[in-house]
Amino acid sequence: MMLMKQVELLEPEAPVRKPKRVAGGEATTDLVFSAYVSDNAPVFRQILDLHMPDGGIIADVTYGKGAFWTEIDLSRYTLLASDIAAKPQRKELSQIEIKDGVDCRALPYGDNSLDGLVLDPPYMEGFYRGDTDHLAGGGTHAAFRHHYSNGRAIEAPEEGAPKWHDAVVDMYVRAGWEAERALKRDGIFIVKCQDEVSANKQRLTHVELITAYESMGFYTKDLFVVVRSNKAGVSRLIKQAHARKNHSYFLVFQKRKVKLSSVVTAPKPR
């Protein structure tokens, strides 16, 4: 008689189920947006909140009267303020030390030493003239000149040096190379600019700067549009040829190598 082995039948193991993936976060409209009808200070605060970690060393190399910083909690950052010609300080920012006579194209900071750099030079060609009588912002517009320029004519340019709008772009480009030198890797470069019509030709300054800075190795990380809340006017108008500019830009760049370019080559179809 053969003995049969008793085989114990085991129930198959149930498959292990992965926990259901649950999306994090919460629904909200409390976001940083790309365009505001606003003054500069509230938008600048949003930019720092989004792009600048606490504890960062930030050089504002065209500090002016400090208008960008009036809504910033200065305990969060180390601010290095400088300008080519320091202006009287705002009462709410009186504790800030401003280095006078510092050219944004030749900064006193070491290589790879800054976490952030802010640049806002005069961005109208009318401020790049060799005769004080011909500077933009004369007469009833003197307050405009006081806020956006040091009120001085530029030194006699070298032969062949850029003029008019090209002089504006040249200023930004030279300051951009200094930013590239002084910023740490992944450092943030915040640039204020505005397009203009020069010699009756449309000049898209923000596009020119994006392409220039990307050629230096910067990544265009963000862009903010600031629309002025009041209407601009002119004293005399014969015929309008271009839309009057009532917006400006904050461009946010990062010092990092990214294989992206805003320049598109469009070969003609055969």
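Is cysteine 104 buried or exposed? Select cysteine 104: with a relative accessibility of 7%, this residue counts as buried, where buried means under 20% relative accessible area, exposed means over 50%, and partly exposed covers what lies in between, using a 1.4 Å probe and protein chains only. Cysteine 193 is also buried, at a relative accessible area of 0%. A search of the whole structure for disulfides, meaning pairs of cysteine sulfur atoms within 2.5 Å, finds 0 of them.

Before going on, please note that this is a predicted model, in which local features need pLDDT of at least 70 and side-chain atom pairs count only at pLDDT 80 or more, while totals for chains, interfaces and linings use all residues. Residues are numbered from 1 along each chain as its sequence is written, and side-chain values use heavy atoms, with hydrogens and water left out.

**The whole chain**

Now show the chain as a cartoon, in which you can look for 4 helices and 10 strands; helices (H or I, at least four residues) and strands (E, at least two) are DSSP runs, numbered from the N terminus. Followed from the N terminus on, the elements run β-α-β-β-β-β-α-α-β-β-β-α-β-β. Of the 270 residues in the chain, 37% are buried. If you switch to a surface view, the chain exposes about 18,000 Å², of which carbon and sulfur atoms supply 53%, with accessible areas taken from the Shrake-Rupley method with a 1.4 Å probe and, for residues, only the protein chains shown counting as cover. Contacts (heavy atoms within 4.5 Å) can also be sorted by sequence distance: among those between residues at least 6 apart in sequence, 68% join residues at least 24 apart.

**The nonpolar cores**

Next, select Leu117, Leu119, Tyr172, Phe189 and Tyr213, which touch the most other members of the largest nonpolar core, a group of 29 residues. A nonpolar core is a set of buried Ala, Val, Leu, Ile, Met, Phe, Trp, Tyr and Cys residues joined through side-chain atoms within 4.5 Å. Two or more residues of this core come from each of β5 (114-119), α3 (165-182), β6 (183-193), α4 (205-216), β9 (218-227) and β10 (247-255), and α3 gives the largest share, with 6 residues.

Which residues is tyrosine 213 in contact with, leaving aside its neighbours within four places in sequence? They are Leu119, Tyr172, Val173, Gly176, Phe189, Val191, Phe218 and Phe253. A second, separate core holds 23 residues, among them Ile72, Ile188, Phe250 and Val252.

**The aromatic rings**

The structure holds 10 aromatic pairs, where rings of Phe, Tyr and Trp (its six-membered ring) pair if their centres lie within 6.5 Å, and planes under 30 degrees apart count as stacked, over 60 as edge-to-face and the rest as tilted. The ring centres of phenylalanine 68 and phenylalanine 250 are 5.3 Å apart and their planes stand at 65°, so this pair is edge-to-face. Because phenylalanine 68 lies in the loop between β2 (57-60) and β3 (78-83) and phenylalanine 250 lies in strand β10, the pair ties together parts that are 182 residues apart in sequence.

**Two backbone angles**

Most residues other than glycine have a negative phi. Tryptophan 164, in the loop between α2 (142-148) and α3, has a positive phi near 55° and is partly exposed, at 46% relative accessible area. Aspartate 186, found in strand β6, has a positive phi near 70° and is partly exposed, at 35%.

**A last stop**

Finally, select proline 53, in the loop between α1 (40-51) and β2, which counts as exposed at 57% relative accessibility. Proline 53 and tyrosine 77 are 24 residues apart in sequence, and their C-alpha atoms are 8.5 Å apart in space.
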